[in-house]
Amino acid sequence: MSEQELPKIAMTIVAHPDDAEFGCGGSVAAWVKGGWEVYFVICTDASGGGADDATDVGPEARRKITDIRKAEQREAARILGVKDVIFLDIPDGTVQPTLDLRRELVRLMRRYRPTRVLCQSPERAWKPSYAIGRHHPDHLAVGTATIAALYPASQNAWDFPELLAEGLLPHKVRELYVMGAPEVNHAVDIS
């Protein structure tokens with residue numbers, strides 16, 4: 001299959017609602033304008049995104065913030081032209097690059113069959129300056145899990161053979177884009 005024949009399907013995999021908009025919203029908008037079908041995968045349940053100085057962080061407050069953040073995420077995706085938003089609902093602040101998360105990401109890659117995947121960096125960047133917000137533990141874990149899912153698991157039938165029983169055949173993602181990578185080697189013109 002030539003580059004021109006590859007399906008214009010992209011998947012952006014991030015930890016929290018708003019991570020995609022901060023990290024790659026312009027790129028996603030440009031891709032959608034260029035005819036790409038884009039899906040957002042949000043790994044957390046959005047329950048920890050309230051004010052840092054909050055004193056009520058109980059179950060009801062968490063449900064409320066989850067509902068607000070998910071609604072905001074869906075609206076932002078609608079404005080960008082994103083095809084769908086998938087929430088994996090891992091409790092906010094607890095994401096680890098586990099085999100379960102990797103399996104779920106492989107399941108999604110095999111189901112939607114993206115040509116390109118965009119994720120957060122699994123590495124910290126210290127230069128030109130250390131941007132601590134970029135290095136939330138959930139961001140790093142999602143980056144690690146995404147890259148491990150992309151290669152080799154998504155394209156390897158021997159990884160997660162139970163997915164074959166679900167009718168999800170191996171899929172090779174052709175392009176990987178990493179937000180906040182320590183070495184920047186690509187830019188998308190969003191003007």
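User: How many helices and strands are there in the chain?

Analyst: The chain of this predicted model holds five helices and five strands. Helices (H or I, at least four residues) and strands (E, at least two) are DSSP runs, numbered from the N terminus. Residues are numbered from 1 along each chain as its sequence is written, and local features need pLDDT of at least 70. Side-chain atom pairs count only at pLDDT 80 or more, totals for chains, interfaces and linings use all residues, and side-chain values use heavy atoms, with hydrogens and water left out.

User: In what order do the elements run?

Analyst: From the N terminus on, the order is β-α-β-α-β-α-β-α-α-β. The radius of gyration is 17 Å, close to the 16 Å that the globule rule gives for 191 residues, so the chain is as compact as a globular protein of that length. That radius is taken over C-alpha atoms, and the rule is 2.2 Å times the number of residues to the power 0.38.

User: What share of the residues count as buried?

Analyst: Of the 191 residues, 42% count as buried. Buried means under 20% relative accessible area, exposed over 50%, and partly exposed in between (1.4 Å probe, protein chains only).

User: And what share of the contacts comes from residues 24 or more positions apart?

Analyst: Such residues account for 78% of the contacts in the chain with a separation of 6 or more. A contact means heavy atoms within 4.5 Å.

User: Let us turn to α3. What is its span?

Analyst: Helix α3 covers residues 99–112, and its end C-alpha atoms are 20 Å apart. This agrees with expectation, because 14 residues at 1.5 Å a residue should span 20 Å. The expected span is 1.5 Å times one less than the number of residues.

User: Which residues of α3 are buried, and what covers them?

Analyst: Leu101, Leu105, Val106, Arg107, Leu108, Met109 and Arg110 are buried in α3. Their cover includes β1 (9–14), β2 (37–44), β3 (84–90), α4 (137–150) and α5 (162–165).

User: What is found just after α3?

Analyst: Arginine 113 is found there, with a positive phi of about 55°. This arginine belongs to the loop between α3 and β4 (116–120). Arginine 113 counts as partly exposed because its relative accessibility is 33%.

User: Where does aspartate 89 lie, and what is its phi?

Analyst: Aspartate 89 lies in strand β3 and has a positive phi of about 60°, although it is not a glycine. Its relative accessibility is 39%, so aspartate 89 counts as partly exposed. Most residues other than glycine have a negative phi, and most peptide bonds are trans.

User: Which residues does the cis peptide bond join?

Analyst: The cis bond joins tyrosine 151 and proline 152, with omega at about 5°. Proline 152 is in the loop between α4 and α5.

User: What about proline 17: buried or exposed?

Analyst: Proline 17 counts as buried, because its relative accessibility is 4%. This residue lies in the loop between β1 and α1. Not counting residues up to four places away in sequence, proline 17 touches Ile42, Thr44, Ala46, Arg69, Gln73 and Phe87. The C-alpha atoms of proline 17 and alanine 77 are separated by 10.0 Å, and the two residues are 60 residues apart along the chain.

User: Finally, which residues does serine 27 touch?

Analyst: Leaving out residues up to four places away in sequence, serine 27 touches Val188 and Ile190. Serine 27 is found in helix α1 (residues 19–33) and is buried, with a relative accessible area of 15%.
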